[in-house]
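This report looks at how parts of one chain meet.

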Amino acid sequence: MDEKLTSREKWDITIQTGLQLVPYVGGALATSYFSVKQEKRFKRLETFYKELSEQISGTESHLPSADVHDKESLIALIERINDEIERESSTKKREYFKNFFINILRKPTLDSNYDERRIFLDALANLTVLEFEVLLVYSEYKQTDTEDVTEKARIAQASGRLEMYGFLEGSYMSFLGGTTVKTLTITQLGINFINYCKE
């Protein structure tokens with residue numbers, strides 16, 4: 001058995017030690033922080049699996065036997081999902097993780113498709129809800145008609161990150177007078193990603 005501390009455990013010890021250094025209230029603060037933190041993480045996992053169970057029970061289609069999966073690959077993805085669920089405060093993102101979980105069970109997780117699924121899982125963990133919703137807009141071929149400058153800037157930033165992940169791709173069109181316009185469209189990779197995370 002490996003008794004080395006994980007980087008997360010080391011980080012928690014550092015935070016706990018730091019909080020305890022706060023004069024007068026440090027000890028109580030550290031205790032409160034870690035008990036609340038652990039309780040929230042436990043509750044998120046408990047809720048996630050309860051909802052997952054209800055959602056799977058409520059579907060018409062049955063999932064294939066666990067024997068069709070490459071166990072190592074599937075377990076690695078589940079461990080990563082659990083880590084993210086513990087930390088994720090957004091109920092919307094936890095819903096996307098739930099859909100992802102169901103979809104990796106629907107079609108066998110194998111050594112040959114593990115890398116793509118892991119890339120999608122990492123992307124889901126790193127994307128914001130706004131970025132995911134912007135990607136959905138591109139997948140449904142809708143145009144955003146927002147007049148709000150701040151919102152336009154946020155959408156542009158989200159689109160840039162989605163392009164960086166390879167979920168969107170840009171093409172340029174030049175007009176007379178030297179004006180160049182960039183148009184973004186969803187890629188097949190982006191469509192595949194959405195299919196894992198959306199019901």
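## Helix packing

Helices α3 and α4 are roughly antiparallel to each other, because their angle of about 170° is over the cut-off of 145°. This is a predicted model. Helix α3 spans residues 71-87 and helix α4 spans residues 91-106. Their axes lie 11 Å apart.

From α3, the contact uses L74, L77, I78, I81, E84 and I85. From α4, R94, F97, F100, F101, I104 and L105 take part. By residue class, ten of these are nonpolar, none is polar and two are charged.

## Aromatic pairs

F101 of that contact also has a ring partner, Y49. The structure holds eleven aromatic pairs. A pair of rings is described by the distance of the centres and the angle of the planes. Two of the pairs are set out here.

| Pair | Centre distance | Plane angle | Geometry |
|---|---|---|---|
| Y49 and F101 | 6.0 Å | 90° | edge-to-face |
| F120 and Y196 | 5.4 Å | 55° | tilted |

Which parts of the chain does the pair of Y49 and F101 tie together? Y49 belongs to helix α2 (residues 26-57) and F101 to helix α4, so the pair links parts 52 residues apart in sequence. Y49 is partly exposed, at 30% relative accessibility. F101 is buried, with a relative accessible area of 6%.

The pair of F120 and Y196 has its own span. F120 sits in helix α5 (residues 111-126) and Y196 in helix α8 (residues 188-197), so this pair ties together parts 76 residues apart in sequence. F120 is buried at 0% relative accessible area. Y196 also counts as buried, at 12%.

F120 and Y196 belong to a cluster linked by ring pairs.

## A glutamate in α6

E131 lies in helix α6 (residues 129-139). Is its position buried or exposed? E131 is buried, with a relative accessible area of 6%, because that value is under the 20% cut-off.

Its side chain has polar partners. The side chain of E131 reaches the backbone nitrogen of T128 at 2.8 Å. The side chains of E131 and R161 are joined by a polar contact of 2.5 Å. Leaving aside residues up to four places away in sequence, E131 touches N126, A158, R161 and L162.

Notes. Residues numbered from 1 in each chain as written. Predicted model: local features only at pLDDT ≥ 70, side-chain atom pairs only at ≥ 80, totals over all residues. Heavy atoms only, no water. Axes fitted to C-alpha atoms, helices over the stretch in contact; angles between N-to-C directions. Helix = DSSP H or I, 4+ residues; strand = E, 2+ residues; numbered from the N terminus. Parallel < 35°, antiparallel > 145°, perpendicular 65-115°, else oblique. Contact = heavy atoms within 4.5 Å. Nonpolar A, V, L, I, M, F, W, Y, C, P; charged D, E, K, R; others polar. Phe/Tyr/Trp six-rings, centres within 6.5 Å; stacked < 30°, edge-to-face > 60°. Buried < 20%, exposed > 50% of the residue type's maximum accessible area, 1.4 Å probe, protein only. Polar contact = N/O pair within 3.5 Å; in protein donor to acceptor, adjacent residues only side chain to side chain.
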